[in-house]
Amino acid sequence: MQKDQRLLDLAALLLKAAEPVSWREIQEQFPEDYGGSGEAAIRKFERDKADLLELGIPVRWVAGDEDLPAGYVLDKDEFYLPDLKLPPEDLALLYLAGSAALANGSFPYARDLAHALNKLSFAARAPGASESAALAARALSADDAGDGGIAGRLEELSRAMAHKKKVHLAYAGAKRRERTERDVEPYGLFQQGGAWYVVGWCRLRDALRTFHVARIESLAVNPSAPRTPDFAPRKDFFLAEHAAREPWEFYEHPAVRCRVRVDAAAAAEVLASFGPRARVEHEGNGAVVEVDATNTEGLVRHVLALGEVAEVLAPNKVRERAREILVGLAGGAE
């Protein structure tokens with residue numbers, strides 16, 4: 001029997017049992033895995049029990065008394081979620097969303113999510129519980145070092161945040177990909193537009209900065225005194241404020257007032273894409289959007305992504321940067 005299926009069947013056996021399950025009963029149910037009298041079978045069962053505990057399924061041994069025999073039980077009070085008071089269709093959507101995030105491979109809290117999905121699948125009796133358990137087991141048995149890509153970076157940053165350890169990173173900036181090395185105190189992670197960002201105190205700039213995780217070329221968590229925090233987050237820091245910023249509002253330089261023309265043919269969603277802090281002046285042939293950009297590179301790339309319906313008007317330096325990118329793209333297409 002495959003390990004994933006064996007773990008799921010073992011959990012199901014203990015969940016259905018009305019009283020503690022003896023070691024002999026477990027051997028009878030899994031003769032190919034735990035059969036025999038040797039210590040090898042016991043060690044295999046103990047490893048499986050530890051894996052179930054890692055998955056958030058609390059299996060423990062209880063001593064017998066005059067009412068119940070001794071044996072193994074699954075602590076249902078600790079295992080089950082409280083009643084979420086959600087209709088089945090909402091539970092199914094929640095389960096589906098969590099499964100998609102776990103399957104993506106770049107969710108920074110994959111272990112916690114895997115635990116929650118397993119609990120949710122039993123609590124909601126959601127279809128696909130076996131597949132979820134197998135997926136969670138694969139996620140939790142993966143190499144902790146990660147693949148060195150975004151998923152690995154997110155895992156390292158999450159651990160550094162949890163233990164308040166500074167990180168040393170090599171970062172490629174957005175403009176011309178200039179590379180800098182800096183020490184950062186990571187305060188929080190957020191996702192925007194499918195990309196992950198980390199916000200923290202940059203000791204190189206002596207200020208709060210937001211970093212695009214995909215541009216982190218290398219990252220190392222401070223190894224000294226692993227149980228001692230390196231920093232305490234600023235009391236005036238609120239992650240939601242940073243997560244709500246537009247890409248051109250991430251701080252790279254002092255604010256620059258920029259103007260963008262949007263054609264009348266553009267859909268309302270184009271104007272809305274400039275965010276709630278943009279100022280819009282409607283004209284006969286469209287509208288002019290004005291923003292204060294502290295990251296003009298982010299604004300230029302947003303405008304270019306909108307295609308022919310948008311154009312940078314001012315200042316000239318930002319307009320020229322947009323033209324430079326377009327010329328480069330045209331040259332690469334030849």
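**View 1. Strands E5 and E6 form a hairpin with four residues between them.** In the turn, Asp 206 has a positive phi of about 55°. Strands are DSSP runs (E, at least two residues) and helices are DSSP runs (H or I, at least four residues), both numbered from the N terminus. The model is predicted: local features need pLDDT of at least 70 and side-chain atom pairs count only at pLDDT 80 or more, while totals for chains, interfaces and linings use all residues. Residues are numbered from 1 along each chain as its sequence is written, and side-chain values use heavy atoms, with hydrogens and water left out. E5 (residues 195–202) and E6 run antiparallel and are joined by six bridges; two strands pair if DSSP finds at least two bridges between them. Opposite Tyr 197 stands His 212 of E6. Strand E6 (residues 207–212) is mostly covered, with five of its six residues buried (under 20% relative accessible area; exposed is over 50% and partly exposed in between, with a 1.4 Å probe and protein chains only). Cys 202 counts as buried because its relative accessibility is 0%.

**View 2. Strand E8 pairs with E10 and with E11.** E8 (residues 256–263) and E10 (residues 286–293) are antiparallel over eight bridges. Cys 258 has Val 291 of E10 as its bridge partner. The pairing of E8 with E11 (residues 310–314) is also antiparallel, over four bridges, and here Val 262 is partnered by Ala 310. Cys 258 is buried, because its relative accessibility is 0%. The structure holds zero disulfides (pairs of cysteine sulfur atoms within 2.5 Å).

**View 3. Thr 296 lies in helix H12 (residues 296–305).** Its relative accessibility is 17%, so Thr 296 counts as buried. Leaving aside neighbours within four places in sequence, Thr 296 is in contact (heavy atoms within 4.5 Å) with His 253, Val 256, Cys 258 and Val 318.

**View 4. Helices H1 and H4 pack against each other.** Two packed helices are described by the angle between their axes and the distance between the axes. For H1 (residues 3–16) and H4 the angle is about 80° and the axes are 10 Å apart. Axes are lines fitted to C-alpha atoms, for helices over the stretch in contact, and angles run from 0 to 180 degrees between N-to-C directions. H1 and H4 are therefore roughly perpendicular (65 to 115 degrees; under 35 is roughly parallel, over 145 roughly antiparallel and the rest oblique). H1 contributes Lys 3, Arg 6, Leu 7, Leu 10 and Ala 11 to the contact, and H4 contributes Lys 44, Phe 45, Asp 48, Asp 51 and Leu 52.

**View 5. Aromatic pairs number 13 in this model.** Rings of Phe, Tyr and Trp (its six-membered ring) pair if their centres lie within 6.5 Å; planes under 30 degrees apart are stacked, over 60 edge-to-face and the rest tilted. Tyr 34 and Phe 45 are edge-to-face, at 5.4 Å centre to centre and 85° between the planes. The pair links distant parts of the chain, eleven residues apart: Tyr 34 is in helix H3 (residues 31–34) and Phe 45 in helix H4 (residues 39–54). Tyr 34 is buried at 0% relative accessibility, and Phe 45 is buried with a relative accessible area of 2%. The rings of Tyr 187 and Phe 237 have centres 5.1 Å apart and planes at 65°, so this pair is edge-to-face. Tyr 187 lies in strand E4 (residues 179–192) and Phe 237 in the loop between strand E7 (216–221) and helix H10 (239–243), so the pair ties together parts that are 50 residues apart in sequence. Tyr 187 and Phe 237 are both buried. One aromatic cluster is formed by Trp 23, Phe 30, Tyr 34, Phe 45, Trp 61 and Tyr 72.
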